[in-house]
Every structure is written in structure tokens, then in C-alpha cells.
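This report goes through a few local features of one structure. Please look at the sequence and the model first.

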Amino acid sequence: MRIVRWFLVLAGTATMAYAALVLAPDARFSKVGKVIPWLVGAALAHDAVVAPIVCLFAAVAVARIPTPYRRAVQGGLFAAAVVTAFAFPFVRGYGKRDDIPSALPLDYGRGLAIVLAVIAVITVAAVFRSSRSARGTAARGGSRRE
């Protein structure tokens, strides 16, 4: 595990170094002082706001959800969170310009709602399947490992 961790650290560091070298000569990013506060601010916002909220929500969810359904519900919540985080800038319309009609031409809010509905249906189906599996195991007199 330690080797994998160090490999990932080195790969991430190399990727960031490459990005810095590529961005430095670009005229739009030549003032690195404007990029660094954004990067630091994003990291701080994640560590100070997003991560604690997610951890708190996960702890409450684990405490309230019966054991046989936890995996399905946690998977559904995780998928919904990732999709929402990815779609948020599109839903908000960041980058949309009136002089470029092909920039963000779709109704991304509706698309996000459809994808979240599909995730909810799959999650409910997985919970139902977990429920049936747990009842079947209990009826056979076995115990289910978690």
C-alpha cells in the first residue's frame, strides 16, 4: 500500500508540475499570482466546508439507515453527489456567453434532474434487492456478513 501511495503522490506532483510549465508561458495565465489564490482557496473551501459536511452527512446516514441497506444508499448518495458536483457549473451557466450560442446550449438543470432520478430509481432497486436478499438469508437461518 505504501508503494501505491508514493506512486500516486509522485504522479500527482508530476502532473501539477507539468500543468504549471504549460500554463506559465500562456499570456492569460502569465500572472501566476492570480491563479495561486484560486487554487489555495479551492483547497481550503474543500477542507473547511465540503469535507466536514460530507462526513457529517455520512455519519448521520450510517446511524439512521439499517445495515442491509447501507451500501445501496451510500452508493446512491455518492453517485448523486459526484454527478451534482460535476454538473453544478453547467447548471449555473458559468461560461455562457450571448455572442457564442453554442456555449452551453442545453437545459442542464433538466438533465441533472433526469440523471438524479435515474440514480434514485437504481438506488431504490438496490435497496429492494438488499431487502429481499436479507430476508432470504434470515429465512434460511444464516447470518449475513457486512
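## Exposure and the model

A residue counts as exposed when its relative accessible area is over 50%, as buried when that area is under 20%, and as partly exposed in between. The model is predicted.

Asp99 has a relative accessibility of 53%, so Asp99 counts as exposed. The terms buried, exposed and partly exposed are used in this sense below.

## Salt bridges

Side chains of opposite charge can pair when their charged atoms come close. Over the whole structure, the search finds two salt bridges. One of them joins Arg97 to Asp99, with 2.7 Å between the closest N and O atoms.

Another salt bridge links Asp107 and Arg110, where the closest N and O atoms are 3.7 Å apart. Asp107 has a relative accessibility of 45% and is therefore partly exposed. Arg110, with a relative accessible area of 53%, is exposed.

## Aromatic residues

The count of aromatic pairs comes to three. Among them is the pair of Phe86 and Phe90, with ring centres 5.8 Å apart and an angle of 45° between the planes, which is a tilted arrangement. Both residues sit in helix α3, which covers residues 67-92, and because they are four residues apart there, about one helical turn separates them. Phe86 is exposed, with a relative accessible area of 61%, whereas Phe90 is partly exposed, with 33%.

Phe90 also pairs with Tyr108: the ring centres are 5.6 Å apart and the planes meet at 40°, so this pair is tilted. Phe90 belongs to helix α3 and Tyr108 to helix α4 (residues 108-139), so the pair ties together parts that are 18 residues apart in sequence. Tyr108 is partly exposed, at 26% relative accessibility. Phe86, Phe90 and Tyr108 together form one aromatic cluster.

## The second largest pocket

Rolling a probe the size of a water molecule over the atoms shows where empty space is left. The second largest pocket has a volume of about 210 Å³. Which residues line the second largest pocket? They are Ile53, Val54, Phe57, Ala58, Ala61, Gln74, Leu77, Phe78 and Ala81.

Helices α2 (32-64) and α3 each supply at least two residues of this lining. Helix α2 gives the most to the lining, with five residues. By class, the lining has eight nonpolar residues, one polar residue and no charged residues.

## A positive phi in a loop

Most residues other than glycine have a negative phi. Leu104 is not a glycine, yet Leu104 has a positive phi of about 55°. Where does Leu104 lie? Leu104 is in the loop between α3 and α4. Is Leu104 buried or exposed? At 14% relative accessibility, Leu104 counts as buried, because the cut-off for buried is under 20%.

Definitions and conventions:
Residues are numbered from 1 along each chain as its sequence is written. This is a predicted model: local features need pLDDT of at least 70, side-chain atom pairs count only at pLDDT 80 or more; totals for chains, interfaces and linings use all residues. Side-chain values use heavy atoms; hydrogens and water are left out. A salt bridge is a side-chain nitrogen of Lys or Arg within 4 Å of a carboxyl oxygen of Asp or Glu. Buried means under 20% relative accessible area, exposed over 50%, partly exposed in between (1.4 Å probe, protein chains only). Rings of Phe, Tyr and Trp (its six-membered ring) pair if their centres lie within 6.5 Å; planes under 30 degrees apart count as stacked, over 60 as edge-to-face and the rest as tilted. On a 1 Å grid over the protein atoms alone, a cavity is a set of points where a 1.4 Å probe fits but cannot get out, and a pocket is an open set with protein on both sides within 12 Å along at least five of seven lines; lining residues have an atom within 4 Å of a point. Grid points are joined across faces, edges and corners, and a volume is the space filled by probe spheres set on the points. Ala, Val, Leu, Ile, Met, Phe, Trp, Tyr, Cys and Pro count as nonpolar, Asp, Glu, Lys and Arg as charged, and the others, Gly among them, as polar.
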